[in-house]
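Let's walk through this protein together, one piece at a time. Keep the structure open beside the text and turn it as you read.

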Amino acid sequence: LHQAELLRKDMEIRNLRSQINPHFLYNTLELILADATAGRIDQVSAITAAMGKFYRYAVKGSPVVTLREEMEHVKAYMTIQQERFNGKITVLYNISAEAERIPIPKMILQPLVENAIIHGLEPAGGGGILFVGAAVQGEKLTITVRDSGIGITPEKLTELEKLLQSPPPDRNSIGLS
């Protein structure tokens with residue numbers, strides 16, 4: 001039974017990887033088309049290379065990677081987003097060498113960065129500062145994703161805090177709350 005449960009979880013992770021936001025793919029292809037039409041070959045080349053890295057990483061390899069590998073994935077994603085937002089996002093990285101070696105679940109950081117852009121920076125006009133940091137403190141890896149976007153209303157924050165304090169719903173899914 002334990003083996004069956006592990007196999008089921010592995011299949012869920014593979015299925016999750018295959019469901020990478022189709023809007024991201026569509027928007028990236030539209031961006032490539034616009035740059036190609038305008039003759040911006042360097043941008044087309046950079047975006048296409050980043051998109052290849054992004055999808056190759058997402059669908060191949062182990063479900064556990066080092067933070068360094070995950071950061072390369074985030075940087076490929078940000079190459080595309082930088083072009084999409086005309087360079088209006090300043091990205092600051094502060095990852096300690098010790099943290100880079102820590103194994104983490106694959107595809108855990110990029111969705112957090114994506115959320116910071118979608119819910120923070122994009123509503124604020126599509127620009128601002130995005131910070132991604134990681135450090136090891138004792139036995140604990142702390143990863144921080146911050147943005148200078150619109151923030152969160154006190155009401156929404158209270159609602160989310162209550163949700164996080166309640167027992168998890170009986171559901172069959174994976175991911176971060």
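How many bridges join strand β4 (residues 128–137) to strand β5 (residues 140–147)? Eight bridges link the pair, and the two strands run antiparallel. Before going further, please note that this is a predicted model, in which local features need pLDDT of at least 70, side-chain atom pairs count only at pLDDT 80 or more, and totals for chains, interfaces and linings use all residues. Residues are numbered from 1 along each chain as its sequence is written, and side-chain values use heavy atoms, with hydrogens and water left out.

Helices (H or I, at least four residues) and strands (E, at least two) are DSSP runs, numbered from the N terminus. By that count the protein has seven helices and five strands, and along the sequence they follow the pattern α-α-α-β-α-β-α-β-α-β-β-α.

Back to the strands. β4 and β5 form a hairpin with two residues between them, and Gly-138 in the turn has a positive phi of about 65°. Strands count as paired if DSSP finds at least two bridges between them. On this basis three strands make an open sheet in the order β2-β4-β5, with mixed pairing. β2 (89–95) and β5 stand at the edges with a single partner strand each, so one side of each has no neighbour in the sheet. Direction ignored, neighbouring strands of this sheet are turned by 5° against each other on average.

Now look at what covers the strands. Helix α4 (residues 67–84) lies across β2, β4 and β5, running at about 170° to β2. Such angles run from 0 to 180 degrees between N-to-C directions, and axes are lines fitted to C-alpha atoms, for helices over the stretch in contact.

α4 also has a helical partner. Two packed helices are described by the angle between their axes and the distance between the axes. Helix α3 (residues 41–59) packs on α4 at an angle of about 145°, with the axes 9 Å apart. Contact here means heavy atoms within 4.5 Å. Among the residues making it are Ala-46, Ile-47 and Phe-54 of α3 and His-73, Ala-76 and Ile-80 of α4.

Gln-81 counts as buried because its relative accessibility is 3%. Leaving aside neighbours within four places in sequence, Gln-81 is in contact with Phe-24 and Ile-117. Glu-72, also in helix α4, counts as partly exposed at 42% relative accessibility.

Finally, step inside. A nonpolar core is a set of buried Ala, Val, Leu, Ile, Met, Phe, Trp, Tyr and Cys residues joined through side-chain atoms within 4.5 Å. The largest one has 34 residues, of which Leu-67, Met-78, Ile-89, Val-113, Ile-117 and Leu-130 touch the most other members. The elements that give two or more residues to this core are α2 (22–37), α3, α4, β2, α6 (110–121) and β4. Take Ile-89 as an example: not counting residues up to four places away in sequence, the residues it touches include Met-78, Ile-117, Leu-121 and Leu-130. Overall, buried residues make up 29% of the 177 residues in the protein.

Conventions. Buried means under 20% relative accessible area, exposed over 50%, partly exposed in between (1.4 Å probe, protein chains only).
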